[in-house]
Amino acid sequence: TANYGDLTASAADTADGHLDSYYANLFGRYQSKRWAHTLILTGGWNDAKLNRTVDYGAGSYDANGNTNGWGFGAMYELTYDVYLNEDKSSVFQPLFNASIVKTSMDGYTETGAGNAGLNVGKQDWTTGTVALGGR
């Protein structure tokens, strides 16, 4: 699957922004007799822009900035079919599952606002999971 999103929004004449978002997902499954393997890969990218006007006393300033980020994930699952009756209409599956997710968002610094501008540093996140279970 693949998705593209395009969002433009305004907030009461004081802010407007634009977000482009791209996302792709690849799913695969293979089964040989009782063993099944499943793999899911995902990836995405975002580009965000914001323009805002800040009023103070008798004046105002215009600030703007942009940032982008990306992420990817991978999940693998291994299962084994245990038949619970002779006609194989009921199945129990012990399973092993492992996944990893990595995301990164560039820093955001507004220009045009001097010391009053928004400033957020780069953010990175990685997480992984391992699971044993059954269904």
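Reader: What makes a stretch of this chain a strand?
Author: Strands are DSSP runs of type E with at least two residues, and helices are runs of H or I with at least four, numbered from the N terminus. Gln93 is found in the loop between strand S6 (91–92) and strand S7 (94–105). This is a predicted model, in which local features need pLDDT of at least 70 and side-chain atom pairs count only at pLDDT 80 or more, while totals for chains, interfaces and linings use all residues. Residues are numbered from 1 along each chain as its sequence is written, and side-chain values use heavy atoms, with hydrogens and water left out.

Reader: Why is Gln93 called buried?
Author: Buried means under 20% relative accessible area, exposed means over 50%, and partly exposed is in between (1.4 Å probe, protein chains only). Gln93 has 14%, so it is buried.

Reader: What makes the pair Gln93 and Asp81 a polar contact?
Author: The term needs a pair of N or O atoms within 3.5 Å; within protein, one must be able to donate a hydrogen and the other to accept it, and residues adjacent in sequence count only if both atoms are side-chain atoms. The side chains of Gln93 and Asp81 are joined at 2.7 Å.

Reader: Which residues is Gln93 in contact with, leaving aside its neighbours within four places in sequence?
Author: Contact means heavy atoms within 4.5 Å. With those neighbours left aside, the partners of Gln93 include Arg29, Thr79, Tyr80 and Gly133.

Reader: Is Asp47 buried or exposed, and how do you know?
Author: Its relative accessible area is 15%, so Asp47 is buried. Asp47 lies in strand S3 (residues 35–56), and a polar contact of 2.8 Å joins its side chain to that of Lys49. Beyond neighbours within four places in sequence, Asp47 touches His18, Leu19, Asp20, Thr67 and Asn68.

Reader: Why is Trp70 called partly exposed?
Author: Its relative accessible area is 38%, so Trp70 falls in the partly exposed class. Trp70 belongs to strand S4 (residues 59–80).

Reader: How many helices and strands does the chain have?
Author: There are zero helices and 10 strands.

Reader: Why is the chain called more spread out than a compact globule?
Author: The radius of gyration is taken over C-alpha atoms, and the globule rule is 2.2 Å times the number of residues to the power 0.38. For 135 residues the rule gives 14 Å; the chain has 24 Å, well over that, so it is more spread out than a compact globule. Its C-alpha atoms fill a box of roughly 85 × 25 × 20 Å along the principal axes. Buried residues make up 19% of the 135.
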